[in-house]
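Please look at the protein shown below and consider how its parts meet. The report that follows describes one contact surface, step by step.

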Amino acid sequence: MSRTEKLISEVDRWSAHNYHPLPVVLERGEGCWVWDVEGNRYLDMLSAYSAVNQGHRHPRIIAALNEQAGRLTLTSRAFHNDQMGAFLHQLCELVGYEKALPMNTGAEAVETAIKAVRKWGYTVKGVAPDKAEIIVCDNNFHGRTTTIVGFSSEEAYRSGFGPFTPGFKLIPYGDVDALAGAMTEHTVGFLVEPLQGEGGVVVPPEGFLKAAARLCREHGVKLMSDEIQTGLGRTGRMLCSEWEDVRADVVMLGKALGGGVYPVSACVADDEVMDVFTPGDHGSTFGGNPLAAAVGRAALDVIVDEDLPGRAAELGAWFVNELQGIDSPHVEAVRGKGLMVGVVIKESSGTARPFCEKLMERRILAKETHRQVVRFAPPLVITREILEEALESIREVLLG
Ligand SMILES: *Cc1c(COP(=O)(O)O)cnc(C)c1O
């Protein structure tokens with residue numbers, strides 16, 4: 001048995017089987033590269049679902065982690081710590097909002113946004129008790145809590161986990177008329193991904209977000225933009241909603257906010273929404289801890305100082321163009337924004353999984369999403385030279 005096989009069999013024996021990973025065991029990472037336990041080097045084109053936008057073990061982020069780990073890591077919110085304020089200040093100024101509420105995982109940021117908007121609905125908008133509705137989209141992915149999977153349209157995410165939290169309404173993604181039709185006096189929020197990641201890198205029709213923002217304004221409904229995967233540079237803008245000059249009322253961030261080293265998430269909004277929270281009504285033991293805050297600051301510094309949104313925009317446009325130039329009988333479409341790119345495999349050519357396995361043989365790690373889509377989302381610190389080399393292998397696999 002190889003070392004890889006041994007390690008995988010141990011996982012198979014002791015871990016719940018809630019994932020189906022590619023059969024590679026990684027032990028080291030640097031920048032856009034990772035190494036397996038046999039010593040092979042791979043190009044990481046998943047970036048932990050965009051949590052590693054800054055690249056693996058970015059020196060500035062690791063330095064911040066170590067420095068803070070040597071001083072203070074956790075206080076709980078029962079006391080203040082000297083890092084959290086500066087982190088939230090920096091985050092709010094960067095994305096242009098008045099307040100932030102720090103959590104750990106993306107799902108918690110989404111739960112926070114739901115609670116904020118519901119309470120805003122009752123205390124500010126005047127919605128009747130327990131009637132608040134939030135509109136969501138088909139094919140959404142917002143995390144894995146029971147409330148969140150309850151409004152998923154994906155059977156695999158929901159099946160067996162009910163009963164679910166009421167108060168959510170599904171509309172087709174990108175359908176402005178359906179959104180208008182779904183709004184009632186009870187509607188408090190419209191929760192949307194500006195570009196669906198897990199749903200298969202689905203770009204909504206141009207103008208959708210802008211029209212949705214206008215409808216929300218007209219109906220006194222809060223636009224809640226889940227930028228956990230699309231945010232912090234991935235799509236070629238700091239926030240993906242900037243592509244349509246939309247400023248959502250509530251923004252959820254996570255993944256790259258922790259710089260690939262630590263779970264850090266946040267919900268940001270203006271005072272009108274955020275001031276609904278009072279001591280005791282929401283919280284998290286680890287949320288806003290000093291280690292998270294120090295890491296979060298360094299993660300944001302790297303995004304800004306290395307202009308990761310600019311890199312993603314430039315490299316992404318070129319990369320998509322190159323991919324579109326591959327005349328493969330298996331490819332139905334290439335789509336995406338910035339360095340969040342999906343190659344859609346034709347149903348007649350099978351699923352995306354075997355393509356990902358062949359890429360792995362050529363030392364490129366990409367993961368299928370939604371059966372038919374190979375997602376390419378490398379760390380944003382990747383260079384054009386490295387992408388060019390990867391394209392040769394991608395061409396071979398797509399043409400083979
Ligand atoms: C990953 C993701 C989440 C959930 O984040 P976790 O940290 O896994 O809880 C929520 N929304 C979107 C759009 C995501 O991509």
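Glu-198 and Arg-375 form a salt bridge in which the closest N and O atoms are 2.7 Å apart, a salt bridge being a side-chain nitrogen of Lys or Arg within 4 Å of a carboxyl oxygen of Asp or Glu. This is a predicted model, in which local features need pLDDT of at least 70 and side-chain atom pairs count only at pLDDT 80 or more, whereas totals for chains, interfaces and linings use all residues. Residues are numbered from 1 along each chain as its sequence is written, and side-chain values use heavy atoms, with hydrogens and water left out.

The protein is divided into two domains, whose bounds come from an automatic or database domain assignment.

| Domain | Residues |
|---|---|
| domain 1 | 3-54 + 307-399 |
| domain 2 | 59-305 |

The C-alpha centres of domain 1 and domain 2 lie 26 Å apart. In contact (heavy atoms within 4.5 Å) are 30 residues of domain 1 and 31 residues of domain 2.

The size of an interface is often given as the accessible area lost when the parts come together. Between them, domain 1 and domain 2 bury about 2300 Å², 57% of it on carbon and sulfur atoms, where buried area is the accessible area (1.4 Å probe) that two parts lose on being put together, summed over both. Of the area that domain 1 buries against domain 2, Gln-54, Lys-337 and Met-340 supply 30%, more than any other three residues.

Across this interface of domain 1 and domain 2, the rule finds 1 salt bridge.
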